[in-house]
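Have a look at the model below and turn it around a few times. This report walks through some of its features, one topic at a time.

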Amino acid sequence: QITTLINHKDKPKRSDKTLQAIQRVGQAVNLAVGRFVTVGEAIANENHELKKEMSVACIEARRAGETIAQLTDVASLDHPESDSHITIFTDKTGVVKAARLLLSSVTKVLVLADRIVIKQIITSRNKVLATMEQLEKVSSFQEFVQIFSQFGNEMVEFAHLTGDRQNDLKDEKKKARMAASRAVLEKCTMMLLTASKTCLRHPDCESARINKDGVFHRMRLALEQVIEIVTDSRPNGENEMAPISIYSGIKEFKNKVEGLRENLYFLSKENLSTMLEVILEHTEDFTDSAYTSHEHREHILELSKQAKMELEQLVSVWMQAQNQKTKDLMEDLEVAILKTCQCMNELKREVHSAATSLAADLLKYHTDHMVLKALKITGVEGNLEAVAEYTCKLSEQKEQLVEMCRLLRHVSGTEPLEITCIHAEDTFQVTGPQIISAAETLALHPSSKIAKENLEVFCEAWESQLSDMSMLLREINDVFEGRRGEKRIYLSLPRPGKHNANLKALKPVKLDTEEQAKIAKLGLELHLLTSDVDSETEKWEDQENEIVQYGQGMSSMAYSMYLFTRGEGLLKTTQDLFHQAEIFATEGTKLASALHAFSDQVHDDDKPLLLLEAEKLISMCKQLQITAKASVQGKSATFTKVDACILKTRNVMTLLCQLLPLCCKLLRKNKAGNGCLKPAPPWREDRIRTGTNAHTPERRAETFGIKALENHVTNMTFLESK
């Protein structure tokens with residue numbers, strides 16, 4: 001909105017519509033600042049150590065917002081008495097200064113609020129650690145029940161705080177590390193419960209103590225990693241050593257080689273040779289592995305030898321080209337570059353094949369979980385000799401799976417997937433010995449129900465990790481085959497290729513400057529409508545209401561489409577825009593379903609109007625979907641399609657501006673007349689079944705299993721009876 005004001009072009013003739021639009025944008029900025037500052041002031045009142053700094057920043061922001069509103073109060077310019085009134089037309093520098101002050105103060109508020117969030121997470125972690133220390137020392141069931149109930153509540157709070165933080169992280173690598181740490185905490189919470197119970201039941205059992213200590217140690221490491229990610233720090237000031245994979249090494253090496261086309265002097269031959277040596281050293285992880293097939297090993301060794309030869313030839317031609325830039329030498333250099341890159345691609349393909357074929361074979365072989373089943377049976381029988389035999393087999397299986405994870409990391413293709421492989425490797429390394437200690441405890445106490453339950457929990461964690469590996473293998477293959485690239489963290493932007501079968505046949509393009517100018521007016525109208533929708537959703541008391549959430553989501557998507565008309569934002573190409581329009585239309589259809597279900601809860605004369613508007617919404621969304629999916633060719637046809645998508649999105653948003661206040665009014669009437677709506681309306685249940693997208697950051701953040709953790713806490717009373 002600020003950018004719209006700053007970039008506004010002065011024109012001698014100003015229509016009433018232009019003046020009203022400018023005034024509305026200025027008022028929208030001021031209202032948004034007011035809402036923002038209100039939250040900032042509330043945060044300041046709850047956090048006295050930062051109250052002074054936060055209050056100053058909030059005052060500056062409010063003052064800047066009011067200044068912008070005054071300078072854009074241009075609706076009365078046509079009247080003679082307003083000639084002396086200072087406006088954006090007479091003092092544009094004033095708007096620029098106010099905008100700078102506003103952005104500066106808003107940034108201060110955000111930074112201070114972020115410091116508070118970090119402090120909350122650290123405080124929550126400290127509470128969890130303190131309670132864990134108490135849990136380690138308990139000696140009676142009754143005391144354990146009380147402390148674990150407190151621990152469970154603290155873990156739920158920590159889960160919510162870290163889940164929100166995970167969604168806010170922009171760095172995909174940090175996001176993956178946070179997800180891995182939170183997954184460990186989720187699984188270890190249940191393990192801690194059963195391992196502690198087993199220790200209390202069998203206090204003199206050494207294997208039970210080892211089992212419990214392993215869980216506590218792993219939870220402390222996971223808690224520490226969460227704090228490292230949140231505070232962006234390492235213990236003792238250490239620098240994080242990023243794991244180097246063959247994929248990332250080859251990618252960097254090829255970039256350097258191809259860079260020789262532009263600049264023959266930007267790196268030395270020693271640098272290039274060192275990079276290749278590092279890559280070939282990593283291929284030894286494959287050639288030295290007992291699990292790599294003879295055929296793959298031979299191919300990798302051959303390609304490694306060929307890569308050295310190709311680099312030698314490249315360096316020879318490169319050195320000659322530095323001394324004498326003839327046409328023939330430059331052609332020879334191009335051939336050498338192509339041959340070197342081709343060889344590296346073949347090496348990449350070979351190690352990928354070696355890693356993924358091994359993984360597929362191992363996962364298929366271990367799907368029956370025969371060793372785990374045997375451990376459970378022999379443990380209940382108290383057969384220590386048989387348990388020892390099967391623990392040896394489990395150790396062998398663990399070594400195979402750990403090696404599989406190490407090799408998969410080299411070919412994972414993206415940093416988040418690399419981190420997932422490292423997490424999987426750690427899980428197998430730790431869970432294997434824990435299963436063994438749990439099985440030994442059961443074999444020593446074969447009639448113990450709690451020892452049996454404990455072994456079941458650790459076996460389930462192992463089986464769950466194997467299942468996760470199958471999904472990870474599919475993702476790694478998808479990246480290699482180009483079916484998906486780096487993960488995008490935004491709900492409103494779908495992944496290319498997921499929603500449109502014709503995507504590969506279409507060439508994504510951007511709007512040029514002339515096209516942006518043509519569509520600017522339509523884009524601004526869409527922008528103003530998003531402000532109106534946001535204002536309407538703010539009026540709802542229940543911000544968790546289904547209708548509000550759909551409205552907010554659609555407004556966010558429409559705003560992304562507006563930014564596209566300016567050549568900004570996340571939607572980079574026309575294809576991105578068309579995907580966004582499809583998702584927008586789908587959300588609109590879901591909103592219409594929610595409106596139909598909501599209408600069943602109300603009894604009012606306006607109910608027929610609500611149903612009529614809902615039907616209009618369905619019709620508009622269908623039209624938008626048809627337009628977005630239509631195949632077009634040529635620049636002119638593509639721009640016409642863009643224009644149609646924006647226009648139809650604007651029409652839907654206009655209807656949304658009418659629907660939201662109508663629903664809000666009906667909801668208030670029902671509350672006034674009936675006390676409240678009927679409990680558990682079906683339109684909220686529908687959301688749970690159909691409205692959840694497994695690929696959204698919000699969904700991924702819930703993998704901590706908060707509900708499951710809450711169930712553990714509320715069901716703790718059974719321990720006392722046992």
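## Helix α18

Helix α18 covers residues 574-599, 26 residues in total, and it reaches 37 Å from its first C-alpha to its last. That is close to the 38 Å expected at 1.5 Å a residue (the expected span is 1.5 Å times one less than the number of residues). Helices here are DSSP runs of H or I with at least four residues, strands are runs of E with at least two, and both are numbered from the N terminus.

Since 21 of the 26 residues of α18 are buried, the helix is largely enclosed by the rest of the structure. Buried means under 20% relative accessible area, exposed means over 50%, and partly exposed is in between, using a 1.4 Å probe and protein chains only.

## What you're looking at

This is a predicted model: local features need pLDDT of at least 70 and side-chain atom pairs count only at pLDDT 80 or more, while totals for chains, interfaces and linings use all residues. Residues are numbered from 1 along each chain as its sequence is written, and side-chain values use heavy atoms, with hydrogens and water left out.

## The whole chain

The chain has 24 helices and zero strands. It runs to 722 residues, and 47% of them count as buried. Take the contacts (heavy atoms within 4.5 Å) between residues at least 6 apart in sequence: 78% of them join residues at least 24 apart.

## A424 and its neighbours

A424 sits in helix α14, residues 415-444. With a relative accessible area of 1%, A424 is buried. Leaving aside residues up to four places away in sequence, A424 touches C405, Q465 and M469. A424 and Q465 are 41 residues apart in sequence, yet their C-alpha atoms are 7.0 Å apart in space.

## Aromatic rings

The structure holds five aromatic pairs. One of them is F148 with F151, a tilted pair at 5.6 Å centre to centre and 50 degrees between the planes. For the cut-offs, rings of Phe, Tyr and Trp (its six-membered ring) pair if their centres lie within 6.5 Å; planes under 30 degrees apart are stacked, over 60 edge-to-face, and the rest tilted.

Both F148 and F151 lie in helix α5 (residues 141-168), three residues apart, or about one turn of the helix. An α-helix has 3.6 residues a turn, so residues three or four places apart point the same way. F148 and F151 are both buried, and together with F144 they form one aromatic cluster.

## Lysines over rings

K348 lies over the face of Y247, 5.2 Å from the ring centre. K641 does likewise with F578, at 4.0 Å from the ring centre. A charge sits over a ring if NZ of Lys or CZ of Arg is within 6 Å of the ring centre and within 35 degrees of the ring normal.

## Cysteines

C341 is buried, with a relative accessible area of 6%.

What about C663? Its sulfur is 8.7 Å from the closest cysteine sulfur, in C664, which is too far for a bond. C663 counts as buried too, at 0% relative accessibility.

## A loop residue with positive phi

H369 lies in the loop between α11 (327-365) and α12 (370-381). Most residues other than glycine have a negative phi. H369 has a positive one, near 55 degrees.

Note on methods:
Disulfide = S-S within 2.5 Å.
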